[in-house]
Amino acid sequence: MLLRSLGLAAVAAAVTAGGLVLKVKAADTIQPGATAPNFSLPSQEDKLVSLKDYKGKWVVLYFYPKDQTTGCTIEAHNFQRDMAKYDAANAVVLGVSLDTVEGHKAWCSKDTFSFKLLADPDHKVVDAYGVPVKGMGAMKFANRETFLIDPSGKVAKVWEKVDVKVHSDEVLAAIAAAK
């Protein structure tokens with residue numbers, strides 16, 4: 001890969017110095033059929049949440065760029081709107097961003113989200129799932145991607161392009177089709 005052969009740090013410095021947005025992908029995106037990488041991250045309640053805690057359930061692991069931004073708010077509100085449907089489907093929703101626990105607390109308090117938002121400021125889980133990180137200077141954002149993990153811990157479906165307005169409906173349809 002060109003970025004690796006040139007040295008990622010040198011390319012990052014050159015691109016961000018020019019004011020352009022750098023898109024970095026730590027690894028290939030996890031594909032359907034693969035075992036979902038386990039993780040432990042703090043939620044808005046500052047309690048560790050691990051994927052293994054949800055063995056036997058469908059897990060909607062969605063990555064989003066930034067708390068309290070327009071697209072992220074629409075997506076989160078639609079997941080919240082459909083929470084009873086996720087419960088009925090034996091599914092949980094877990095949102096992940098590079099934001100902090102404090103940022104998640106503020107957003108959940110303001111918008112009353114009942115599902116878990118997980119803080120990954122060091123992008124350990126973002127990198128493990130191969131989600132691209134975009135940046136402009138010191139600010140970094142995870143790409144908007146979703147992984148549907150089946151009750152056995154395998155990735156059932158991946159959305160690398162997400163339309164926030166209809167995404168929750170798409171995820172619910174995928175769970176129903178897979179049962």
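## Helix H3

How many residues does H3 have, and how far does H3 reach from its first C-alpha to its last? H3 has 12 residues and reaches 16 Å, close to the 16 Å expected at 1.5 Å a residue. The expected span of a helix is 1.5 Å times one less than its number of residues. Helices (H or I, at least four residues) and strands (E, at least two) are DSSP runs, numbered from the N terminus.

Several residues of H3 are buried: Cys 72, Thr 73, Glu 75, Ala 76, Asn 78 and Phe 79. Buried means under 20% relative accessible area, exposed over 50%, and partly exposed in between (1.4 Å probe, protein chains only). An α-helix has 3.6 residues a turn, so residues three or four places apart point the same way.

## The model and its totals

This is a predicted model, in which local features need pLDDT of at least 70 and side-chain atom pairs count only at pLDDT 80 or more, while totals for chains, interfaces and linings use all residues. Residues are numbered from 1 along each chain as its sequence is written, and side-chain values use heavy atoms, with hydrogens and water left out.

The protein has 7 helices and 10 strands. Of its 179 residues, 46% are buried. Its accessible surface comes to about 8,700 Å². Carbon and sulfur atoms hold 58% of that surface. These areas come from the Shrake-Rupley method with a 1.4 Å probe; for residues, only the protein chains shown count as cover.

Contact means heavy atoms within 4.5 Å. Take the contacts with a separation of 6 or more: 68% of them join residues 24 or more positions apart.

Glu 145, Phe 147 and Ile 149 point one way. Thr 146 and Leu 148 point the other way. In a regular strand the side chains alternate between the two faces of the sheet.

Which strands pair with E9? One is E4 (residues 58–63), antiparallel to E9 over 5 bridges. Another is E10 (residues 155–159), also antiparallel, joined to E9 by 4 bridges. Two strands pair if DSSP finds at least two bridges between them. Phe 147 stands opposite Leu 61 and opposite Val 158 in E10. E9 and E10 form a hairpin with 5 residues between them. Gly 153 sits in the turn, with a positive phi of about 95°.

## Salt bridges

The structure holds 7 salt bridges. A salt bridge is a side-chain nitrogen of Lys or Arg within 4 Å of a carboxyl oxygen of Asp or Glu. One of them links Lys 116 and Glu 45, with the closest N and O atoms 3.0 Å apart. Lys 116 lies in strand E6 (residues 116–119) and Glu 45 in the loop between E2 and E3, so the pair ties together parts 71 residues apart in sequence. Lys 116 is partly exposed at 22%, and Glu 45 is partly exposed at 42%.

Asp 169 and Arg 81 form another, with 3.5 Å between the closest N and O atoms. Asp 169 lies in helix H7 (residues 167–178) and Arg 81 in helix H3 (residues 70–81), so this pair ties together parts 88 residues apart in sequence. Asp 169 is partly exposed, with 41% relative accessible area. Arg 81 is partly exposed as well, at 49%. Asp 82 and Lys 85 also meet in a salt bridge (3.9 Å, N to O). Asp 82 is buried, at 2%. Salt bridges that share partners join Arg 81, Asp 82, Lys 85 and Asp 169 into one network.

## Ser 43 and the cysteines

Is Ser 43 buried or exposed? Ser 43 is buried, with a relative accessible area of 0%. Ser 43 lies in the loop between strand E2 (40–42) and strand E3 (48–50). Leaving out residues up to four places away in sequence, Ser 43 touches Val 49, Val 101, Lys 116, Leu 117 and Leu 118.

The structure holds 0 disulfides. A disulfide is a pair of cysteine sulfur atoms within 2.5 Å. Cys 72 is buried, at 1% relative accessible area. Cys 108 is buried too, at 9%.
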